[in-house]
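Visitor: I would like to go through this structure term by term. Please give me the value behind each label, and the cut-off where one is needed.

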Amino acid sequence: MATDTMVMVSHRAGRLGRSPWARRALSLIGVLAVWQLIVWANEAVGFMNPALLPTPAGVVRGASEQVAEGILYLDVLYSLYRVVLGFLLGAAVAVVLGCSAGSVRLIEDFLDPPLEMLRPIPPLAWLPLFIFWFGIGEPSKIYFTAFVAFFPVYVNTIEGVKFTDPLLRRAALSLGATSGQMFRLVTLQAALPQIITGLRLGFGMAFLALVATELIASNAGLGYRIMESRNYFKVDWMVFGALMIGLIGFTIGSLIRAGEARLLRWRPRDEK
Amino acid sequence: MGYLEAAGVRKTFEVEEGEPTVAVEEFTLSMAEGEFVALLGPSGCGKSTVLNIMAGFLRPSAGHVLVEGQRVTAPGSDRGVVFQEHALFPWMRVLDNVTFGPRLRGVPRRERLEMGQRFVDLVGLTGFERHWPRQLSGGMKQRVAIARALTNDPKVLLMDEPFGALDAQNRRMMQDELVKIWAATKKTCLFVTHSIEEALLLADRVVTMTARPGRIKAVHEVSLARPRDDAAPAFVTLKRELADLLQQELPEEAGRVAGAESRGKRP
């Protein structure tokens with residue numbers, strides 16, 4: 001694939017539009033070019049103080065500085081630790097509660113009203129309270145991330161479990177399934193696509209929550225680094241921090257997607 | 001006493017307003033071990049309701065169903081079911097679907113795969129063991145469903161219009177296949193259908209039901225040797241006789257609609 005693209009670029013530059021990969025690469029190069037043009041135009045016109053406007057070269061320099069100072073990997077580790085732990089915690093509670101509420105009507109009737117009341121409130125509104133309760137250390141960040149990740153996972157799990165095809169249940173019953181086997185081998189399997197959808201959405205939300213907690217109260221992590229860089233007018237560092245967050249989110253998102261493709265390879269292609 | 005017995009089965013469904021609907025009434029049937037009975041009737045006559053009661057998915061409002069003298073109260077592995085839609089587990093490969101029953105009983109993997117293989121071969125799906133259901137045609141999916149029910153070695157096989165969703169050609173092929181499969185396994189079979197020809201091709205006995213409420217209208221022994229020739233005079237005679245019987249049931253159901261449509265054209 002890569003070789004094809006290279007050939008395309010060198011020999012048939014006029015037909016770049018034919019390869020989607022070439023188009024995508026071109027688009028990214030275009031963004032960088034426009035960015036650099038804006039920087040130059042600003043230097044010529046003086047629209048704002050050039051020190052406030054990050055440059056592509058500056059961001060690359062910022063990256064190497066952070067690596068050299070040894071803070072980048074620490075920030076990444078901190079952020080990963082918080083988001084992964086928080087996400088796993090929230091997702092685990094959500095899957096357990098979602099499965100219970102989805103299969104037992106009584107549990108759903110008790111769980112649903114309070115959760116439905118909480119759901120429309122933007123979760124960030126609770127962040128100050130979490131800091132109040134759990135301090136500015138790790139617990140408040142992890143619990144808050146878990147809290148935010150919980151909702152999409154819970155809602156999707158409950159739907160998936162509740163709407164398992166009744167025909168498949170009947171088939172399993174007449175093959176002799178006990179209720180434990182029914183849950184483990186049929187309901188959970190049938191709900192898996194929707195549970196994974198919930199996990200994917202939940203992870204996105206967890207990431208958002210993480211950055212918010214790091215921006216507000218922290219002494220390490222990618223979000224913290226952005227805030228700190230702001231205090232020192234290091235605009236290049238701020239942009240680099242944002243790009244790093246995007247990169248990590250993209251990487252983990254791709255991992256989830258790969259896991260999904262592997263787990264759900266039984267699904268018809270058009271349902272994916 | 002029969003191997004599979006239904007005695008005085010009645011089923012009513014509650015409706016929002018007015019009297020409950022009577023779907024099935026006074027349904028009494030006794031099947032011998034190894035017998036193939038077709039339950040024939042117009043759509044909406046309650047024949048699927050009867051099957052669902054036998055399977056244990058529905059409770060009868062009155063009467064009862066016995067399998068080898070044991071009263072049916074819930075679904076169970078002694079009554080295998082093949083549904084109109086294949087009802088295969090989409091996340092399991094063909095052989096895993098087929099061996100799901102033995103798996104539930106804790107049969108070791110190697111052993112149950114051997115059991116399953118026998119029935120995969122019997123339904124003509126050798127070579128498709130590792131396929132996902134989504135990769136199979138409608139007819140092949142029903143073959144898997146039949147193999148899955150048979151691998152579990154039920155006492156009774158209940159089939160609810162299993163070929164109803166297939167096109168005519170596939171349907172005919174599956175009917176021929178089923179005759180062979182049945183000859184090889186000699187299972188006690190109850191087969192629900194609205195096709196007279198299908199009932200006559202397959203069954204030892206054809207039980208015809210009335211439309212709403214569903215009652216047994218007539219029972220015909222089919223003593224023709226299998227495989228049956230649908231052009232044979234005896235077959236055609238029986239077919240006409242059953243067609244006349246069903247025709248009498250039509251005015252209550254489709255007859256009203258058909259009458260309204262054609263009223264203008266009649267002289």
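**Labels and the values behind them**

Guide: Just after H8(A), A:Gly176 takes a positive phi of about 100°. Keep in mind that this is a predicted model.

Visitor: What in helix H8 of chain A is buried?

Guide: H8 spans residues 166-174 of chain A, and A:Ala171, A:Ala172, A:Leu173 and A:Ser174 are buried there. The cover includes helix H9 (179-216) of chain A. Chain B takes part too, with its helix H1 (47-55) and S6.

Visitor: How do you know that chains A and B touch, and how many residues are in contact?

Guide: The test is C-beta atoms within 7 Å. By that test, 21 residues of chain B are in contact with 13 residues of chain A. Strand S6 (79-82) and helix H3 (100-104) of chain B are the elements that give two or more residues to this side of chain B. By class, this side has 12 nonpolar, 5 polar and 4 charged residues.

Visitor: What scores does the model get?

Guide: ipTM is 0.87 and pTM is 0.82. Chain B averages a pLDDT of 87, and 93% of its residues score at least 70.

Visitor: Where in chain B does pLDDT stay under 50?

Guide: That happens over residues 255-267 of chain B. For this stretch the model has 2 contacts beyond four places in sequence. Where pLDDT is low, the predicted coordinates should not be read in detail.

Visitor: Why is A:Val67 called exposed?

Guide: A:Val67 has 11 other C-beta atoms within 10 Å. Exposed means 12 or fewer, so the label applies to A:Val67. The residue lies in helix H3 (residues 56-69) of chain A. A:Phe207 is 140 residues from A:Val67 in sequence, and 23 Å from it in space, C-alpha to C-alpha.

Visitor: Which residues meet between H4(A) and H5(A)?

Guide: H4(A) brings A:Leu97, A:Ser100 and A:Ala101. H5(A) brings A:Ile107, A:Glu108, A:Leu111 and A:Asp112. By class, this contact has 4 nonpolar, 1 polar and 2 charged residues.

Visitor: Why is B:Glu161 called buried, and why is B:Glu26 called partly exposed?

Guide: B:Glu161 has 21 other C-beta atoms within 10 Å. Buried takes 20 or more, so B:Glu161 qualifies. B:Glu26 has 14. That count falls between the limits of 12 and 20, so B:Glu26 is partly exposed.

Visitor: What is phi at B:Glu26 and at B:Glu161?

Guide: Phi is near 50° at B:Glu26, a positive value in a residue other than glycine. B:Glu161 also has a positive phi, near 45°. B:Glu26 is found in strand S2 (residues 21-31) of chain B. B:Glu161 lies in the loop between strand S7 (156-160) and helix H6 (168-185) of chain B.

Visitor: What joins B:Arg226 and B:Pro227?

Guide: A cis peptide bond, with omega about -5°. B:Pro227 lies in the loop between strand S10 (216-221) and helix H8 (233-249) of chain B.

Terms used: Residues numbered from 1 in each chain as written. Chains lettered and ligands numbered in written order. Predicted model: local features only at pLDDT ≥ 70, side-chain atom pairs only at ≥ 80, totals over all residues. Helix = DSSP H or I, 4+ residues; strand = E, 2+ residues; numbered from the N terminus. Nonpolar A, V, L, I, M, F, W, Y, C, P; charged D, E, K, R; others polar. pLDDT = per-residue confidence, 0-100.
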